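Keep the viewer open as you read.

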Amino acid sequence: MHEITSRPVATCGFDDVRRVDGFENISAAYPAYLTDESKFSCRPFDHLFFPRSEAELSAVMEEMARRGIKITIAGARTGLVGGCVPNQGALVSLENFDRVLALYHDAPAAEWRLKAQCAVNLRSIAAQLSAKNLPDIERCADGMTLLEMDRFRREPPYFYPPDPTEMSASLGGTVATNASGARTFRYGPTRAWVRGLRVMLVNGEFLDIPRGRYFASPSGEFVVSDSAGRDYRVKIPTYPSPRTKNTSGIFTAPHMDLIDLFIGSEGAFGVITEVTVGLLPRRPKISIVQFLQSDEQAIALVQALRAESRIRLDLLESYSGSALDLLRERQRRDARSVGTPPIPETAGAALFFELDFDPADKTVTMDALDAVVRGGGASLSDSWSAYENRELERLKGFRHILPETINAVIAERKKKHPGLHKLGTDLAVPDERLRDIWAVYREGLAGAGLEWAAFGHIGNNHVHINILPRDMADLEKALGLYQMFAEKAVEFGGTVSAEHGIGKLKAKFLKTMFSPEAIAEMRAVKKALDPNLLLNPGNIFEG
Amino acid sequence: MQIAVCVKQVPEITNVRVNPETGTLIREGVASILNPFCEYALDHAVRLKNGDPGIEVVAVSMGPPQAESALLRCLELGADRAVLVSDRQFAGADTWATALTLAAVLRKEVPGYDLVLAGKQAIDGDTAQVGPEIAEILGLPQVMYAVEMSFTPNRKRIRVKREVESGHEVLEARLPALVSASKGDAMRRMPSLADVLAARRKELRKITAADLDLSESELGLAGSYTQVVKVFPPEPKSGGRKLEGLDPAQAAHEIAAFLRAERYV
């Protein structure tokens, strides 16, 4: 079925919606709403709305549409590309959509599912599932739902697999950006876990989209009808999607599911207000930092680990030798600052991985892992491992401490060169091009004489190269290098943005990856669902 | 040469909540860990062993069967073998009954001990009594709150740097001796995956009360001189009084008047 009808909601008066008018008032009282984690600066805008219900949101959408005012949507404002940073018109914060709505077992799929409003954050979901304590449901639910809760409590523990580093991100935001995390290596990005969406279109009406019900017609079309009988015809783009983790541009595939058009669309087509996600049983894990002699040895080991089918890793991440040097320097200044024992002096790179582990199993040997690591010229003795909660947290802290360390270095240099900022890439390539892209990075950075550190999702060939410019001349060189890296990644069949999205900051990179015809196809989808281009102006499409 | 390290499994109290009605700890869902001070003690043992591979490090614990996981961690961190003494008869043991039991385990399972190490206290009970009591029972010299230790060149004595209120002092004790460990500059180790796997092949002996040379009247509640009558959280501290917006002379007057009124001076 490729036809779907949007439904109106009971509306309320526009004047009932809590709001702040005037840019001066907004910037004085609500400065946090002027930017996101990218620190990208907004342009002046006139209204800030805090709707508390679908009725209020619908009233805002209708009124803004009537007045022709453009709307930017904000979730938890944790994005890295300025997606929720307004450049005109109105900003609508969805922070009051913060209730967990349901937890149920879907019998046909044999899967536990959680349904929540868009502003519930990932940390809260993780904590509620872990404690099996969901107060929103218990407060408001009927008898059937409470029975389902009882059943859930008797089950083994469950978790929601996507784990973006920023756990204060809102669920809706992570769906709008198809967010990824370390565990994407095993479990895929957010897209793989979304089972249903409720989306408000720019006309103020709703679509309820379960996964698996609405597919593009053989001619590649969706038809959305509104309650007044108007049809919006959407022709899905025809360009091929990269074979990598990807958040650049609009998802497309032959016979695609309508739900996938909205996931990762950065708010271009509608406002996600409710999300249903799938859960998985949580098994105990052991987390390992494997120290290696060089970045090249790390890449070879990544390829060997991926090739060994007996090893199932949840995540596969890396620190380059230069990243370890930065942390060693930090440890030299303050031994406790990194929260771990000293990083071994001989280590010239590190891989992080996590796999199933039962601490009580006395017969565990991990022969396959041992063989692969030894085959790569390394030893399991040169590692740190953790399986107790507090120790897992300690290693997770170690995995996440590098960006903070880099930010501190940049902040120090900014005192001398105020215009300075770090430059972090978000490029990914297919498996077989990992070694090639690494060679491009290495030669480019060495040739330019820049200071850099690399970390991130090497298992997905998605390493963030962070350049630390020492002055404005360095920054200039770095920007040129980034463009060259992006072009190479695309040439290798990869993407210009694997997880951060395009937003406003990376709109120019879209042209590196997509032909003018492909971008025109994306614009046509936008135009079909949002004819007056009112929603999230500037995201994905420049200008 | 043998070093025995007495360890305890404790709840991971960083995220423990208190039941507001009963005032007791909510233990449900709280993980159990090796008491951090015991881990520092073990760390000293492993350092001493690094200087002399001939030393055998034996971790010893009294606790329920699940305390095995704390001993597994000791084996991962470098202990050569471990002994768990576990029995229903130990239930309700106070510090004295615990010390008596552990001393009996040491006599039986590590009879050649040259040094006994312990954490300065457990983070759940916080009594800091079991270590000193073991020393008394075994007739050993004791040094508490150690942050560094090394054998003297003739290996007849242990030299210990320990924390005192005014700073540090360095003491020497003849061996065998009992030393308890404080935190100092210690950074908890991270075992390698090879260590974790090897630990599961090391000896972890489980014994019961029947294996010890003690009478029933010396065990658990029966052998205890003290009993916990009630556990309750301390009164939350109030914020105190803060003087603001005064010049220093005025503030000094106010403070002096307060101290006089309350008879502090």
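Two strands pair if DSSP finds at least two bridges between them. Helices (H or I, at least four residues) and strands (E, at least two) are DSSP runs, numbered from the N terminus. This is a predicted model, in which local features need pLDDT of at least 70 and side-chain atom pairs count only at pLDDT 80 or more, while totals for chains, interfaces and linings use all residues. Residues are numbered from 1 along each chain as its sequence is written, and chains are lettered from A and ligands numbered from 1 in the order in which they are written.

E6(A) pairs with strand E7 (residues 111-117) of chain A through six bridges, in the antiparallel sense. A:Tyr104 has A:Arg113 in E7(A) as its bridge partner. Strand E9 (residues 194-200) of chain A runs antiparallel to E10(A), and five bridges join them. Here A:Arg198 has A:Asp208 in E10(A) as its bridge partner. E9(A) and E10(A) form a hairpin, with five residues between them. In that turn, A:Gly204 has a positive phi of about 90°.

Chain A also shows a helix packing. Helix H10 (residues 321-333) and helix H12 (residues 389-414) of chain A cross at roughly 75°, and their axes come within 10 Å. That makes H10(A) roughly perpendicular to H12(A). Angles of 65 to 115 degrees count as roughly perpendicular, those under 35 as roughly parallel, those over 145 as roughly antiparallel, and the rest as oblique. H10(A) contributes A:Ala323, A:Leu326, A:Leu327 and A:Arg330, and H12(A) contributes A:Ile401, A:Leu402 and A:Thr405. Two residues are in contact if their C-beta atoms, placed from the backbone, lie within 7 Å. The residues of this contact divide into five nonpolar, one polar and one charged. Ala, Val, Leu, Ile, Met, Phe, Trp, Tyr, Cys and Pro count as nonpolar, Asp, Glu, Lys and Arg as charged, and the others, Gly among them, as polar.

Move to chain B. It has six helices and 13 strands. Its C-alpha atoms fill a box of roughly 70 × 50 × 40 Å along the principal axes. Of its 265 residues, 36% are buried. A residue is buried if 20 or more other C-beta atoms lie within 10 Å of its own, exposed if 12 or fewer, and partly exposed in between. Among contacts between residues at least 6 apart in sequence, 68% join residues at least 24 apart.

Chain B has its own helix pair. Helix H3 (residues 95-109) and helix H4 (residues 130-138) of chain B pack at about 55°, with their axes 8 Å apart. That makes H3(B) oblique to H4(B). Residues that meet include B:Trp96 and B:Leu106 in H3(B), and B:Ile134 and B:Leu138 in H4(B). By class, this contact has ten nonpolar, two polar and one charged residues.

Next comes a hairpin. Strand E10 (residues 157-164) of chain B is joined to E11(B) through two residues. The two strands pair in the antiparallel sense over eight bridges. B:Glu163 stands opposite B:His168 in E11(B). Strand E11 (residues 167-174) of chain B lies largely in the open, because zero of its eight residues are buried.

One loop residue deserves a stop. B:Leu243 lies between strand E13 (203-207) and helix H6 (248-261) of chain B. Is B:Leu243 buried or exposed? B:Leu243 is exposed, with 11 other C-beta atoms within 10 Å. Leaving aside neighbours within four places in sequence, B:Leu243 is in contact with B:Ala251 and B:Glu254.

Finish where the chains meet. In chain B, 16 residues are in contact with 21 residues of chain A. Helix H2 (68-77) and helix H5 (193-199) of chain B are the elements that give two or more residues to this side. H5(B) gives the largest share, four residues. The chain B side divides into ten nonpolar, three polar and three charged residues.

Methods:
Axes fitted to C-alpha atoms, helices over the stretch in contact; angles between N-to-C directions.
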